[in-house]
Amino acid sequence: MNTHLSANDISKVIEADRAHVWHHLIQHKPFETIDPRIMVEGRGMRVWDATGKEYLDGVSGGVWTVNVGYARESIADAVRDQLVKLNYFAGSAGSIPGSQFAEKLIEKMPGLSRVYYTNSGSEANEKVFKMVRQIAHKRYGGRKNKILFRERDYHGTTITALSAGGQPERGAQYGPYTPGFVEVPHCLEYRAQWDVENYGERAADAIEEVILREGADTIGALCLEPVTAGGGVITPPAGYWERVQEICRKYDILLHIDEVVCGVGRTGKWFGYQQYGVKPDFVTMAKGVASGYAAIACAVITEEVFDMFKENPDDPLDYFRDISTFGGCTAGPAAALENMRIIEDEGLLDNTTAMGERMLGNLRGLMEKHGVIGDVRGKGLFLGAELVSDRSTKEPVDEKQAQAVVAECMAQGVIIGVTNRSLPGFNNTLCFSPALISTADDIDAITETVDKALTKVFG
Ligand SMILES: Cc1ncc(COP(=O)(O)O)c(C=O)c1O
């Protein structure tokens, strides 16, 4: 670590944090007796906390974000240069990096053509929900306004994004919710809900059943993660996406893919939906777009949808009456452009595929040794290992045990994740999403540490 804090400086920082910062995702009572963790520095795959302890980061900044690794000077330079030229102007005008990044992004997304900049993944999803509602008003007398979402998926933290959330514990105490959001069943074959051969098609047919129950003329869009992230790293079974696409076409339902986690390389292709040949109407993305070097999110849309918002210029309500103030920050697209250049020039998509296969192989190896691993799944450098107390009944381990594995890895200097207070009884999937720059040694170090932690917690 380059930054050397004196013991006195560290204790001042910790005391200020303890006194004034409300951390995300965490119960604060323990901080009355133990110190909150303060992260100080990062380089490549590694981070250091305020006590100087070094960690190998197996989850890219905790929540699958820092895809190109820490301390990328070229991104910092691009952001700095842009900030001193023009830091901000409202999104009613364009900007140089905004137009350049949009062009570059669209090159990677055949069939889509418009980029709408926003602040966060939640908000990008809300923009699409608003577009779908507006289309319902413009085209269908307000009727086709419902939005389908899937059990176990997550689309964000705001009240309306939580209304589209399939993870009950995330939303348990934040209702009442926005009306018009309807849940369809998850597609995790390991937790099969139907005893059939063609599981993927059957799970997609369950979406059609909901459409028929609700009335296709009331449904505007279907919003899905390509690979479910926080709901347990769920890769879709074969045949699922083909059938989903068919169903959307059959009932004139717009397809919104939430790429907030999978987007920009995480699965080994630019976008997760490209692994499955899907043709979406909307794609939203956030975390990996600029690897956390600047806040940027966006919704990407087909020209056909875009055209609906300029049909009748004499009508003062015909356009998309929406803004996010910080969607006009230029640091985001400046960082995103350089982030994309790095992924291309360093061949990080191929590396992600290769290292993802290595990690999947390592995790399958651990499965042979540890009966507590019931299932291993994922795509690219986006993997999960579901822990069960009994392989035949698939009884999930207690979430405290899953958390103990994470804590043990942390103590040994490796950061991994776990499904966190999302699904009652099913917060039992360890999560891995190391940066796309991972080497074979990094991957092996992560899985070796998991091996030791599983032995320590489960024997
Ligand atoms: C799939 C998915 N969509 C949306 C979001 C929300 O993104 P943000 O936290 O940037 O609002 C997340 C965050 O974890 C996510 O995993």
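Two residues are in contact here if their C-beta atoms, placed from the backbone, lie within 7 Å.

## The chain as a whole

With that in hand, take the overall fold. Among contacts between residues at least 6 apart in sequence, 73% join residues at least 24 apart. This is a predicted model, in which local features need pLDDT of at least 70 and side-chain atom pairs count only at pLDDT 80 or more, while totals for chains, interfaces and linings use all residues. Residues are numbered from 1 along each chain as its sequence is written.

The chain has 14 helices and 16 strands; helices (H or I, at least four residues) and strands (E, at least two) are DSSP runs, numbered from the N terminus. The radius of gyration of the chain is 22 Å, close to the 23 Å from the globule rule for 459 residues, so the chain is as compact as a globular protein of that length. That radius is taken over C-alpha atoms, and the rule is 2.2 Å times the number of residues to the power 0.38. Along its principal axes, the C-alpha trace spans about 65 × 60 × 45 Å. Of the 459 residues, 49% count as buried (20 or more other C-beta atoms within 10 Å of a residue's own; 12 or fewer is exposed, and in between is partly exposed, with C-beta atoms placed from the backbone).

## Around the ligand

Now to the ligand. It is surrounded by 16 residues, and the closest are Ser120, Gly121, Ser122, Gly156 and Val260. A residue is near a molecule if its C-beta atom, placed from the backbone, lies within 6 Å of it.

Helix H5 (residues 121-140) gives the largest share of this shell, three residues. By class, the shell has six nonpolar, eight polar and two charged residues. Ala, Val, Leu, Ile, Met, Phe, Trp, Tyr, Cys and Pro count as nonpolar, Asp, Glu, Lys and Arg as charged, and the others, Gly among them, as polar.

The axes of helix H3 (residues 73-85) and helix H11 (residues 331-345) come within 8 Å and cross at roughly 150°. Such axes are lines fitted to C-alpha atoms, for helices over the stretch in contact, with angles from 0 to 180 degrees between N-to-C directions.

On the H3 side, Ser74, Ile75, Ala78, Val79, Gln82 and Leu83 meet Ala331, Ala334, Ala335, Leu337, Glu338 and Asn339 of H11. By class, this contact has eight nonpolar, three polar and one charged residues.

## Tyrosine 240

Tyrosine 240 belongs to helix H9 (residues 240-250). Tyrosine 240 counts as buried because it has 22 C-beta neighbours inside 10 Å. Leaving out residues up to four places away in sequence, tyrosine 240 touches Cys187, Gly200, Ala203 and Ala204. Alanine 164 is 76 residues from tyrosine 240 in sequence and 20 Å from it in space, C-alpha to C-alpha.

## Backbone details to look for

The peptide bond from glycine 175 to proline 176 is cis, with omega near 5°. Proline 176 sits in the loop between helix H7 (168-171) and strand S6 (181-184).

Tryptophan 64, in helix H2 (residues 60-64), has a positive phi of about 45° although it is not a glycine. Tryptophan 64 counts as buried, because 24 C-beta neighbours lie inside 10 Å. Arginine 421 also has a positive phi, near 40°, and is found in the loop between strand S15 (417-418) and strand S16 (429-432). With 15 C-beta neighbours inside 10 Å, arginine 421 counts as partly exposed.
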